[in-house]
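Me: I would like to learn how to read a protein model. Could we take it feature by feature?

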Amino acid sequence: MKVIRCPDETLARTNLVFLNPNDIHPNVRYIIVDDFHAFSIGVDAKVTPGGLGTSALHRKLAGLSLNQDVRIRTFEPSKELFIARLTLQVSFLKKSTVATDPFDTDQLSSLFIKWFNTQVLTVGQSILMDYRGIDLLLEVTNIDLVDLGSKQEIAGPKRGILMEKTGIRFTKDGDYPIKFVGSEANSVAKEIIKPNFNFSELGIGGLDDEFSNIFRRAFVSRIFPPSIVEKMGIQHVKGILLYGPPGTGKTLMARQIGKMLNSREPLIVNGPEILNKFVGQSEENVRKLFAPAEAEYKAKGEESGLHIIIFDELDAICKQRGSKNDGTGTGDSIVNQLLSKMDGVDQLNNILIIGMTNRMDMIDEALLRPGRLEIHMEINLPDEKGRVQILNVHTQKMRKYDLLEPDVDLKEIAALTKNFSGAEIAGLIKSASSFAFNRHVKIGDNAQVAQDFDKIKIARSDFIHALEEVRPAFGVAETELQQCVANGIIKFHYSIERILNDGQLYVDQVRNSARTPLVSVLLHGPVGSGKTALASTIAMTSEFPFIKLISPESMVGFTEQAKMGTISKIFNDAYKSPLSVVVIDSIERLLDWVSIGPRFSNIVLQTLLVLLKKPPPKGHKLLILATTSQKSILEQMELIDAFNSSIYVPNVTAVSSIDTVLRDLGSFDDSQRQEAVRAITTSDYGNKISIGIKKLIYMIEMAAQDIEKVEKLTTTIEEESRK
């Protein structure tokens with residue numbers, strides 16, 4: 001049949017599709033269009049033979065166009081297709097309609113059943129209905145079916161037959177000033193979530209728990225009728241603060257929340273956009289954001305729809321008051337203006353503020369109390385399960401079009417991407433794609449796409465190469481740590497093996513013990529004895545996802561405040577990872593200690609005293625490895641007591657140890673090595689040797705450049721022993 005318009009408006013309001021009497025048997029009441037959409041039918045001679053008379057609402061539901069050819073067949077509903085309860089969302093056909101009198105839900109329900117009884121209704125279907133001269137648009141948002149034989153409610157398709165005993169529940173679109181009275185009035189609620197919304201469409205991976213908590217705390221109360229909320233004497237949550245490391249999905253979550261809500265489009269504002277150089281203009285920009293919500297709340301009260309304002313980079317405009325010394329006070333006045341709008345004298349109950357920041361510590365405390373941004377949700381680095389979800393989201397189209405090789409295992413990649421944020425995982429996939437693209441490019445005078453480009457696929461090897469290219473910000477400082485162990489670990493004495501074994505025990509303690517989430521160890525010994533190399537080796541062999549090095553070399557020229565800030569940031573970053581190692585090299589140099597004076601930085605000292613004893617957040621574990629060549633100085637500063645344990649790292653003090661080092665380095669051949677060992681053993685200084693391993697390596701490598709290697713080495717060691 002061919003899709004045509006209903007013959008007249010009166011027929012269109014019946015919610016029936018019409019056929020010519022000659023086209024259908026008089027006993028047929030229902031049809032299926034294209035084996036999918038079910039409709040109740042009527043007959044009218046004004047319908048052109050071979051035509052299917054439809055209203056605009058029918059065509060919208062079934063995705064039909066005028067003059068489109070469709071196939072229809074008769075439809076006989078089974079006994080399971082009868083509606084027990086029906087939920088209808090009420091709105092106006094014309095948005096400009098104003099209804100001053102409340103709607104009686106009992107009367108509305110009675111009229112609906114009278115006019116549409118025995119019709120087949122489908123979730124998502126819109127029905128036009130006249131009520132007291134007002135054109136209402138009723139959308140079917142939910143259907144509960146019942147088996148007429150057993151009287152038991154059953155799960156079934158999202159369509160059913162309306163009966164006289166069907167219970168009807170009305171909800172209202174928040175954009176329309178509709179009031180209800182009657183026995184059903186107290187059950188009337190706002191449909192805050194879009195009908196048939198699929199949460200998988202949000203495309204948010206690894207944030208299921210956070211999303212559930214936000215929904216429970218911020219939106220559940222808004223689903224219930226205002227009368228119920230009023231009886232409880234509570235106000236809706238007005239603000240949510242999403243905080244955490246960059247790239248973890250804060251902005252994505254805020255934007256996607258707006259998509260699921262059955263309200264107006266969220267207003268998204270970047271923090272710095274509020275700022276204006278003219279006096280008072282920044283405050284005016286804040287007031288404009290709240291103006292639509294204020295106007296609607298004044299007109300409709302609790303019936304007002306929900307207004308969502310999303311602030312990205314909130315810390316840019318809501319810093320602690322008094323923290324800026326620019327003399328203008330502009331930042332303070334913006335905070336004051338925002339506070340008054342959120343929870344001032346004229347309180348609004350129809351707004352929801354969602355703020356996002358990487359620096360929660362910078363935001364004014366008054367903004368974080370209950371009644372304002374009261375929900376503080378940390379969006380942290382995803383765990384392995386979350387990373388699998390994120391990888392599935394970003395590779396959805398690749399898998400749909402079969403662009404991944406069979407050897408690509410997303411669970412394996414998730415295991416290899418420890419401490420990757422969502423944004424970094426997306427970057428990893430882009431990098432892997434670039435390797436796949438590169439295989440199908442001809443490099444010549446001009447880069448050209450190869451003829452076999454349609455065979456492009458991303459392989460496991462592409463992801464492995466991408467892992468070498470894309471590094472997580474909260475990962476391992478591999479380059480810095482490798483530099484600390486440039487010459488490897490030479491086990492010149494049994495104590496070196498013992499130190500490494502003890503270090504592994506501390507690593508296992510942090511990983512396995514539930515009682516000691518924080519373990520701090522001090523490696524002390526003479527200058528150049530290999531403390532930094534040992535600490536770095538223990539850290540890297542732990543294979544913890546977060547390993548960072550705090551060294552004096554990286555803070556040359558820093559002020560005391562800058563040092564304190566850098567050290568604090570590294571520890572705060574460590575708290576975001578489930579397992580972390582922080583290596584603090586040469587503590588006495590970080591403290592600016594010098595023997596002349598003496599003097600040291602008390603600010604840095606107090607920072608370290610606090611951080612060395614501060615336990616990580618619940619569910620997170622931290623190992624601290626520190627080194628010093630001035631243990632006695634740390635004892636005077638009372639810093640030594642902040643460590644759980646200490647390990648002494650000795651110098652090279654035996655000729656046999658020198659022999660081991662020479663053999664390990666290989667700079668001397670066996671005869672030269674043996675000659676050097678004999679010369680040192682028989683010398684007067686053979687029993688007075690005390691040389692740091694670092695210096696000994698330099699001495700051996702320097703002597704290896706001389707023609708008389710053995711003589712040069714023995715002379716150099718003798719001079720060092722006499723110091």
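**Reading the pockets**

Reply: Start with the largest pocket: 37 residues line it, and Cys484, Gly530, Thr532, Ala533 and Lys694 lie nearest its centre. This is a predicted model, where local features need pLDDT of at least 70 and side-chain atom pairs count only at pLDDT 80 or more, while totals for chains, interfaces and linings use all residues. Residues are numbered from 1 along each chain as its sequence is written, and side-chain values use heavy atoms, with hydrogens and water left out.

Me: What is a pocket, and how does it differ from a cavity?

Reply: Rolling a probe the size of a water molecule over the atoms shows where empty space is left. The search uses a 1 Å grid over the protein atoms alone. A cavity is a set of points where a 1.4 Å probe fits but cannot get out. A pocket is an open set with protein on both sides within 12 Å along at least five of seven lines, and lining residues have an atom within 4 Å of a point.

Me: Which element gives the largest share of the lining of the largest pocket?

Reply: Helices (H or I, at least four residues) and strands (E, at least two) are DSSP runs, numbered from the N terminus. Here α23 gives the largest share, 5 residues. By class, the lining has 15 nonpolar, 14 polar and 8 charged residues. Ala, Val, Leu, Ile, Met, Phe, Trp, Tyr, Cys and Pro count as nonpolar, Asp, Glu, Lys and Arg as charged, and the others, Gly among them, as polar.

Me: Which residues lie nearest the centre of the second largest pocket?

Reply: They are Asn358, Asp361, Asn572, Asp573 and Lys576, out of 22 lining residues. Helix α17 (residues 560-574) gives the most to this lining, with 5 residues. The classes divide into 7 nonpolar, 7 polar and 8 charged.

**Reading what is covered**

Me: Is Thr122 buried or exposed?

Reply: Buried means under 20% relative accessible area, exposed over 50%, partly exposed in between (1.4 Å probe, protein chains only). Thr122 counts as buried because its relative accessibility is 15%. Thr122 lies in strand β9 (residues 120-122). Contact means heavy atoms within 4.5 Å. Leaving aside neighbours within four places in sequence, Thr122 is in contact with Ala38, Val140, Ile143, Lys158 and Arg159.

Me: Which residues of helix α21 are buried?

Reply: An α-helix has 3.6 residues a turn, so residues three or four places apart point the same way. In α21 (residues 655-665), Val655, Ser657, Ile658, Asp659, Val661 and Leu662 are buried. Their cover includes α22 (670-682), α23 (693-703) and α24 (709-721). Gly666 follows α21, and its phi is positive, near 75°.

Me: Which residues touch the most other members of the largest nonpolar core?

Reply: A nonpolar core is a set of buried Ala, Val, Leu, Ile, Met, Phe, Trp, Tyr and Cys residues joined through side-chain atoms within 4.5 Å. The largest has 48 residues, and Leu623, Leu625 and Ile717 touch the most other members. A second, separate core of 35 residues includes Leu81, Ile83, Leu88 and Ile178.

**Reading strand pairs**

Me: Which strands pair with β17?

Reply: Two strands pair if DSSP finds at least two bridges between them. β17 (residues 239-243) pairs with β20 (residues 351-357) in the parallel sense over 5 bridges. Tyr243 has Thr357 as its bridge partner in β20. β17 also runs parallel to β21 (residues 375-378), joined by 4 bridges. There, Leu242 stands opposite Met377. In β17, 4 of its 5 residues are buried.
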